[in-house]
Amino acid sequence: MARPVKVGVLGAGIVGSGVISVLARKGDRIAQTLGARIEVSRILVRDVTRQRDASIHRGLLTTDAEAILDDPEIAVVVELLGGEEPARTYIERALSAGKHVVTANKEVIAKHGYELLQIADRHRVNLFFEASVGGGIPIIRVVRRDLVANDISQIQAIINGTTNFILTAMADGREYADALAEAQRLGYAEADPRNDVEATDAAYKLSILTTLAFRADVRPERIHRIGITDLAEKDFRYASEMGYVVRLVATARLVDGVIEANVHPTLLPRDHHLASVNGVFNAVLIDGDEVDKLVLYGRGAGAQPTSSAVLADLCAIVADIVAGVAQRVDFPATSPPVRAFGETTARFYLRLSVADEPGVLAQIARALGDSGISIASCIQKESDEEARVAEIVIMTHTARQSAMTEALQKILHLSCTRQVSASIRVDR
Ligand code: HSE
C-alpha cells in the first residue's frame, strides 16, 4: 500500500457530506482497489459549530481556506463550494501550488475551465470535474479520454433535470406554472428557478462539453439559450399528434469547421434517442466517427449521484498519484469559430392566432415565402367562430434562424395576426 493521499475538502454541504460519508463507509475497499488510502485531512466550512453527519469529525473542520491551500501535505483539493468566487480563485491557487483539483462547479469550469486546464497542465496536476455535467453520468471522462480516437461531430443532451421534469409533466397535460410548482414542491426546482428554466445551467454544461469535445474555447456567452418559460401545454399536444415530444435540448455540432452550440426547446421525433428521457433524468447522445452513436443516461442531480462522480474523480487522481502521471487536455493554438445563432438552420413549428377570414393563410405564406421559408405542412387546429379567430400550426422546411426571425416580425405586423403563440425549433 502506498502512502495515504491527503485531501482537503472545500465545502461540507450536501455533496461534501455525501463524499465524506461514502469514504467513511467504503474507504477500505476503495484503498484496496487503488493501492492507497484516501484521507480527508481538512474540511472548509462556514460554521464549525453546526450539527453535521457523524462521519465528519469536528477536529477536521476549519473556516480558513489557507489551512488547506497552504498545507504542503494536502495533495488533492475537492472544491464543492459552488458559485464563481471564491471557488475559482481557490482552484487556481490549489493548481498553482501543485495540488490536484476535483470540482463539481459547472459555473467556474464553464467560464474559466479553458485557462484552469492549462494552469493544471503547466503544473502537471489533474483538474477533474465529472460532477459538473450530468450528475452521476460519467460523461466528462468519456469525452475527455474514452473517445480520444474519435472525431466527434455532434453532442445532443438533456442536461437539466428540473426542466426535463417540468416538460415531462406538461406532456401529461399540466400547464407550465403548475408543473413548476410541483417541481418546487418536490425539491427539484429552487424557489428562484431562473437558473434552470432560463437554460443558464444547461448552457454552462454545454459549454463544458463543447470545450472538451471540440478542443475549443466556447464560453457560456457564446451559447445561445432559450428557456422553457413560454411553452404552453397545447404545443405538447399538437407536437404529439405529429409524432414529436418537446424537450430542452443542448446541442453542439461541428459543421464545416464551425461550431454551433445552443440550448432551446426542441421538437424531437418520438424515435429520437433522447425522446424517451423522462422526469429528472439526463442523457447525452454523442456522434463519433469511430464509435458511431453513443448514449449515456442517468441521474443528473442529487447528492448521491453527484458524490459518485466526485469520488470517481478523486479515485482517478489517487490512481494517477500512485502511477506518477497526470492527464492533460490538449488545446490547439486556435479555436474553431462559433456560428452566430441567426446563421444556424432548423425546421420550425409555429402556432399562430389569426383572423379567420379569406386570404389570411395566403398572407402568412407570403410573409414566410418572402423570407425564403418553405411551408411543409399547415393545419387549422381550432377556430373561435364568434371571435372569428383561428389557430394554425405550421411546420416549415429547413430555414435559417435569421430568416425566421425576420418572417415572424412581418407576421406580427400583419393586421390579420392576433398572436404568434409559439415558434419552436424541430430536430432535423
Ligand atoms: N439544477 C440542475 C438540474 C442540477 O436540474 O439538472 C444541478 O446541475
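Reader: In helix α10 (residues 233-241), which residues are buried?

Author: This is a predicted model, where local features need pLDDT of at least 70 and side-chain atom pairs count only at pLDDT 80 or more, while totals for chains, interfaces and linings use all residues. Residues are numbered from 1 along each chain as its sequence is written, and side-chain values use heavy atoms, without hydrogens or water. Buried means under 20% relative accessible area, exposed over 50%, partly exposed in between (1.4 Å probe, protein chains only). In α10 the buried residues are Glu233, Asp235, Phe236, Tyr238 and Ala239.

Reader: Is serine 41 buried or exposed?

Author: Serine 41 sits in strand β2 (residues 38-44). Its relative accessible area is 15%, so serine 41 is buried.

Reader: Which residues is serine 41 in contact with, leaving aside neighbours within four places in sequence?

Author: Contact means heavy atoms within 4.5 Å. With those neighbours set aside, serine 41 touches Lys6, Val7, Leu60 and Ile74.

Reader: How are α3 and α4 oriented to each other?

Author: Axes are lines fitted to C-alpha atoms, for helices over the stretch in contact, with angles from 0 to 180 degrees between N-to-C directions. The axes of α3 (residues 87-96) and α4 (residues 106-122) come within 10 Å and cross at roughly 10 degrees. Angles under 35 degrees count as roughly parallel, over 145 as roughly antiparallel, 65 to 115 as roughly perpendicular and the rest as oblique. The two helices, α3 and α4, are therefore roughly parallel.

Technical notes: Helices (H or I, at least four residues) and strands (E, at least two) are DSSP runs, numbered from the N terminus.
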